[in-house]
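Here is a friendly walk through the contacts in this structure. Take a look at the chains first, and then read on.

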Amino acid sequence: MIIRKNEHWFKMLFIWKGSVLPQLLPRLLLLFLISVCIVYLKGKLFDFKIPLNPAPFTLFGIALALFLGFRNNASYDRFWEARKIWGALLNDTRSLARQALTMSGYPPEGKEVDTFIHYLIAFTYALKHQLRGTDASKDLDKRLSPELSERLKPAIYKPILLLKEMGFWVQKAKADGKIDSIIQASFDQNLDKLSDIVGGCERIASTPIPYTYRILLHRTVYIYCFLLPFGFVDSLSWLTPFIVIFIAYTFVALEAIADEIEEPFGTEPNDLALNAMTTMIETTLLEMGGKPLPVATQNPEGILN
Amino acid sequence: MIIRKNEHWFKMLFIWKGSVLPQLLPRLLLLFLISVCIVYLKGKLFDFKIPLNPAPFTLFGIALALFLGFRNNASYDRFWEARKIWGALLNDTRSLARQALTMSGYPPEGKEVDTFIHYLIAFTYALKHQLRGTDASKDLDKRLSPELSERLKPAIYKPILLLKEMGFWVQKAKADGKIDSIIQASFDQNLDKLSDIVGGCERIASTPIPYTYRILLHRTVYIYCFLLPFGFVDSLSWLTPFIVIFIAYTFVALEAIADEIEEPFGTEPNDLALNAMTTMIETTLLEMGGKPLPVATQNPEGILN
Amino acid sequence: MIIRKNEHWFKMLFIWKGSVLPQLLPRLLLLFLISVCIVYLKGKLFDFKIPLNPAPFTLFGIALALFLGFRNNASYDRFWEARKIWGALLNDTRSLARQALTMSGYPPEGKEVDTFIHYLIAFTYALKHQLRGTDASKDLDKRLSPELSERLKPAIYKPILLLKEMGFWVQKAKADGKIDSIIQASFDQNLDKLSDIVGGCERIASTPIPYTYRILLHRTVYIYCFLLPFGFVDSLSWLTPFIVIFIAYTFVALEAIADEIEEPFGTEPNDLALNAMTTMIETTLLEMGGKPLPVATQNPEGILN
Amino acid sequence: MIIRKNEHWFKMLFIWKGSVLPQLLPRLLLLFLISVCIVYLKGKLFDFKIPLNPAPFTLFGIALALFLGFRNNASYDRFWEARKIWGALLNDTRSLARQALTMSGYPPEGKEVDTFIHYLIAFTYALKHQLRGTDASKDLDKRLSPELSERLKPAIYKPILLLKEMGFWVQKAKADGKIDSIIQASFDQNLDKLSDIVGGCERIASTPIPYTYRILLHRTVYIYCFLLPFGFVDSLSWLTPFIVIFIAYTFVALEAIADEIEEPFGTEPNDLALNAMTTMIETTLLEMGGKPLPVATQNPEGILN
Amino acid sequence: MIIRKNEHWFKMLFIWKGSVLPQLLPRLLLLFLISVCIVYLKGKLFDFKIPLNPAPFTLFGIALALFLGFRNNASYDRFWEARKIWGALLNDTRSLARQALTMSGYPPEGKEVDTFIHYLIAFTYALKHQLRGTDASKDLDKRLSPELSERLKPAIYKPILLLKEMGFWVQKAKADGKIDSIIQASFDQNLDKLSDIVGGCERIASTPIPYTYRILLHRTVYIYCFLLPFGFVDSLSWLTPFIVIFIAYTFVALEAIADEIEEPFGTEPNDLALNAMTTMIETTLLEMGGKPLPVATQNPEGILN
């Protein structure tokens, strides 16, 4: 995810990094060349004049904008929902840490509470790795007992098994006479929320926007853009390639951004900064537990991932 | 549901499988032929020139796009809400399994917990079969005791009766002195959520978008598309059939997709992958209970149902 | 509410029943006749040529479509929220029935539980009658004790008094030593939800979309449609009445549908099927209680109310 | 708030009361006169012909419609959220009354329960007066003990202090041995909801839509409308004033309605009927408590406030 | 945040303060000058006539309006969600204060309750300072014990540590025998909500709308506006600069407002009035505790921050 301060309105017109322009350049150049050819041939194809004019483009361009708007909205909603779920993860792990510190009956600086807080941190890492399909072992080894870390290795749904461990931790506190059923139920409600968080992430990751929508819109956007020069060559003459590029840039870029943020758990520039968020959760939980904080480093170019 | 990786932008223009194009082809071909005739007759019908021009099409095309956008939104919301409800089903069955494992007082590997976990799995299958109107017997026989499976056969609302069984299971744990009222209430809250999930699915399945909307839009889209060639024949000449097909494809396809995802519990290519989700719930619950996992198979063409 | 299977795309163009066309026919015919007159007079009124052209209609038609879209959205949201509330009613009565069966300490087949389940069924009927302003006596007499049914007759808010009776039922179970405060609180939470359901329905029924919006849009839609023939008579000539009717049909029909589903508790074809939903709730509650089910009959034409 | 039955579609075109037309008449008349002058001068200003044509108006009119749609949506959402919050107030006071009647251990017809129900009624009145900035004393005097009523007089946040009193009432019930901690917690959850209701109302009342939006849109709508006659004088000639008034009426009226419902707690015709809702809450709570009902009077013209 | 009463519709056209006009003036003036030059040169650039006409501007202007509408919506949703979270902060601190007063068992006027209420007030200030990146020390020193205030100084997440202190306060009340586990759980639920509030604010503050969207729209809006004069110079002649400025003002201003309210925790004129809201929370909590109120001052120009 790219974080950048607002710049001067004039400078913003020429920003290169962080825009989707670089990745779209080849397609736009191709379109530019085609437009130049069409202008050169005055819209003729093997002596046949293509009889297009701006009218159907106006009619359809607005319809296309509407449908792109729908696609955009759906993608952005997915992005923002994913962000909300990771926000809930922060809130809920903090709440569970607070419960362990102030309600469990164990001493706040003791070993039991520390174990529980590291369960929460390991849970966060396990979730991140599951969503990105990467290997969680290294991060879990550092934060869990060797025995538990080993037991989790073959598991498909590691965060869920960690939730079960937390449930056993609470059960043990009750068996030790530290808490009663009511406090156990309080913990349990927050564990339920963690279960909702895992499922919410899995839902977004496993169910994209229906594929047919994406093909349909992709196809329509590109055919529209590649027909545009024929429609404007008569009225705009040698200006056609420039105007076509300007219009196509916006349509094509919007489709590309929508495509990118639709899967918010990836590592592309506009995806969620899962690494930064995981470190942040670890930091705040350790601060709550009165432990030394990890050294967080920020990417100097303002790109987190 | 079709799951497919992003492809190259150029290749995506020619994808055939997974688009709605095949199913719309006959209608679009018919429209193409009609357009060709109209061009051949230069827009005349028995010597009467049809005096249409692009103006009313521009006016109305945008209104039509807006109304299609509304229909599209409503359909997609239904699709996504259905997906959210099935996500909640995953979360909630996991939470109940965790409660049975860590709060019920029964041994986590014992027979009682195992029975409960199989209630949850059977519940998932029973819901799927109810929504699709298919026969649940085979799937229930495998996961429930013969006596209970037999008792459920004539029932209309099988998942609800399974919820009642889970309620009795919790009541028995209390009678056995394993849990107190507080833990019972904790189970009960999650059973309430399962009840909400069943009702949510039934709501989407039984209440489509008002029929009048669908007729109105269907009619308007098709009349609009079949009038289009008359409006453009004078200005676009022999290009008319191509432009008409291009515009009609987008409008007609959007209406067709909206129609398909509106009923997300069916087995059409863009519906929810209930089979895959049910298997996934079974897998995660068995993993939690420390049981061997079922062998899941994925359709090689990326289509789940 | 009309429930109908998807038909062939071609047949759907000619459906008469279930569309709003019949009810709009007189207005559209009037508009058609006026258009014919205008064409005959070539847009002249007492020798004055009305100098209209398509430009202002394009400008304003799209604005009108946008505002109609807003109205449509607001109406549909009301319809769908009403449906959600009735869905919650189903979920919550099932949850309360399950609580009575598995948590109350009374025998599941006993008289007390049966009374409670009939309170729930009577509550559903009482709510339906309150929303439709019809007489609840007959339906309550069948399901409640004569004494209670009589006591409810003069009441304004019958469902709320039934909620109070359920509260007393739970209180009596506690006084009988069957349940403790925790189980009482569990029942109480679901009773709170029923209270939310009643209030939610009352809100939708008593607060329509601000009247000024409806007048404004109604007026604009109709003036627009009746001015349309003047704008197109010069360019479309004798085709004007047909095109005008086509455009007007969509605008007027959308406004009419929005008007109809805005009050979802009525008995018009596109309103919610309260009768069917009430019967369905009764069926599922009786099935849960192990009682014989009522005979439900479905309207052969696919119209529920 | 104006409540009116649906009228015949033709009569609705001529409704005067309840529309915003009366309040907009002076501005529209001014615009009409200016348009007439412009037609008379044939678009010339001191011999300079204003070279405007419909093209920029089409371009910008649709953009303006979009932005008005955004403003409209935001205003309507505020209106409907405010209505939802008052609906929640009804639900929650009913739930608290039911709790006092069936869970408090006090006799349902006794003095203590009666006091509590009057706290709830007074709370509703206090909230209404706080939102409208009117004097609550008279309404509180009637429903509270003189001592408490006097104590509330100087308070800024009267409903919140009444919530505290309810908290003390519950605490006393516990001290009297009538309820235990669990029932106290059940009351407390509903008191929390009342706290949310107060804060929700205060939020809507104190945070309007950002002022800059409102200025920007207001300015754009009016400048647009006053430029319109220049754009159409050449093509529409003497019809210009009529068409301009028709278009301007819709734009200006939508902005005026959005402005009105944006602050839903006022006493303008389209604001929420707080008086009627307060009386309704009082009626239902007294009916629950078995007390005689107040005489509610409805405004004969269908306007509630 | 600017709060201003509705003014006369005519006066509102000329408001300067509180509009974004002042900040946009330089850019608009630049555009005006360029337009004047283009009119003077009759659209020629070094003898080459720029062959632009209004058609592509109409096509694209509407698409641009749609995309701006999306950006606007997303920004406004962020603004309103932030306001909702601060509203929840008000509600929840009031609920916790009420719990401390009526459920903690400590005397309502005693020292313990007073400490707790000051924790809540300090929490509010700490959150405000964290979001704005300002120094909280001064505000915390006034409201907390020197020891605690000192301990918080180096902390990164001060509000979270204050939540932990509140948890310890509740634990101590339980150890003192003032409350049981049930009341502790009631406090705990509201502390969980405060945790959600902190996280919600952090989410909005740390995750802006994807940067690529902002660049894309910024670029498109400005290029569009600077091309506009070429498109209209032929048809509008010397009126071009005025019409261009009018259209550009709306587009550019909407983008600027969206940019401003997107980050609602800043101190720009359209951001949330965090200072006023913090003072208001302090006032209502002190009033509940029966303490003397702070003197609140309102900015005479109607601007809060």
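## How the copies are arranged

A word on the source before anything else: this is a predicted model. Start with chains D and E. Turning by 72°, with 0.0 Å of shift along the axis, superposes chain D on chain E at an RMSD of 0.0 Å. The two copies are thus related as by a five-fold rotation axis.

Chain A and chain C have no contact, and their closest C-alpha atoms lie 10 Å apart. Chain B and chain D do not touch either, with their nearest C-alpha atoms 10 Å apart.

## Where chain C meets chain B

How many residues does the contact take from each of chain C and chain B? Chain C gives 73 residues and chain B gives 67 residues. The area buried between chain C and chain B is about 6300 Å², and carbon and sulfur atoms give 67% of that area. On the side of chain C, Trp9(C), Arg98(C) and Phe246(C) supply 12% of the area buried against chain B, more than any other three residues.

The elements of chain C that give two or more residues to the side touching chain B are helix H2 (54-102), helix H7 (181-206), helix H8 (211-236), helix H9 (240-261) and helix H10 (274-288). The largest share, 22 residues, comes from H2(C). By class, this side of chain C divides into 43 nonpolar, 19 polar and 11 charged residues.

## Where chain D meets chain E

The contact between these chains takes 67 residues from chain D and 74 residues from chain E. Together, chain D and chain E bury about 6300 Å², with 67% of it on carbon and sulfur atoms. Which residues of chain D lose the most area to chain E? They are Leu59(D), Tyr211(D) and Arg219(D), together 13% of what that side buries.

Across the interface of chain D and chain E there are 3 salt bridges. One pair to look up is Glu202(D) and Arg94(E), whose side chains meet in a salt bridge of 3.1 Å, N to O. The count of residue pairs in polar contact between chain D and chain E is 20, both residues being at pLDDT 80 or more. On the side of chain D that touches chain E, at least two residues each come from helix H1 (21-40), strand E2 (48-49), helix H2 (54-102), helix H6 (158-175), helix H7 (181-206) and helix H8 (211-236) of chain D. H7(D) gives the most, with 17 residues. Sorted by class, that side of chain D has 39 nonpolar, 14 polar and 14 charged residues.

Why do the copies meet through different surfaces? Only 7% of the interface residues of chain D are also interface residues in chain E, so these copies meet through different surfaces. The reasoning carries over to the other pair: only 7% of the interface residues of chain C are also interface residues in chain B, so those copies meet through different surfaces.

## A salt bridge within chain B

Over all chains, the structure holds 85 salt bridges. One of them joins the side chains of Arg71(B) and Glu262(B), at 2.9 Å from N to O. This pair links distant parts of the chain, 191 residues apart. Arg71(B) lies in helix H2 (residues 54-102) of chain B, whereas Glu262(B) sits in the loop between helix H9 (240-261) and helix H10 (274-288) of chain B.

## Annotated spans in chain A

An unreviewed UniProt entry carries the annotation "transmembrane region" for residues 20-41, 53-70, 213-232 and 238-258 of chain A. In the model, residues 20-41 of chain A are 91% helix and 0% strand, and the end C-alpha atoms of this span lie 31 Å apart. Residues 53-70 of chain A are 94% helix and 0% strand, with end C-alpha atoms 27 Å apart.

Notes:
Residues numbered from 1 in each chain as written. Chains lettered and ligands numbered in written order. Predicted model: local features only at pLDDT ≥ 70, side-chain atom pairs only at ≥ 80, totals over all residues. Heavy atoms only, no water. Contact = heavy atoms within 4.5 Å. Buried area = accessible area lost by both parts, 1.4 Å probe. Helix = DSSP H or I, 4+ residues; strand = E, 2+ residues; numbered from the N terminus. Nonpolar A, V, L, I, M, F, W, Y, C, P; charged D, E, K, R; others polar. Salt bridge = Lys/Arg side-chain N within 4 Å of Asp/Glu carboxyl O. Polar contact = N/O pair within 3.5 Å; in protein donor to acceptor, adjacent residues only side chain to side chain. UniProt positions renumbered as here; feature names shortened; annotations may be inferred. Least-squares fit on C-alpha atoms with pLDDT ≥ 70 in both.
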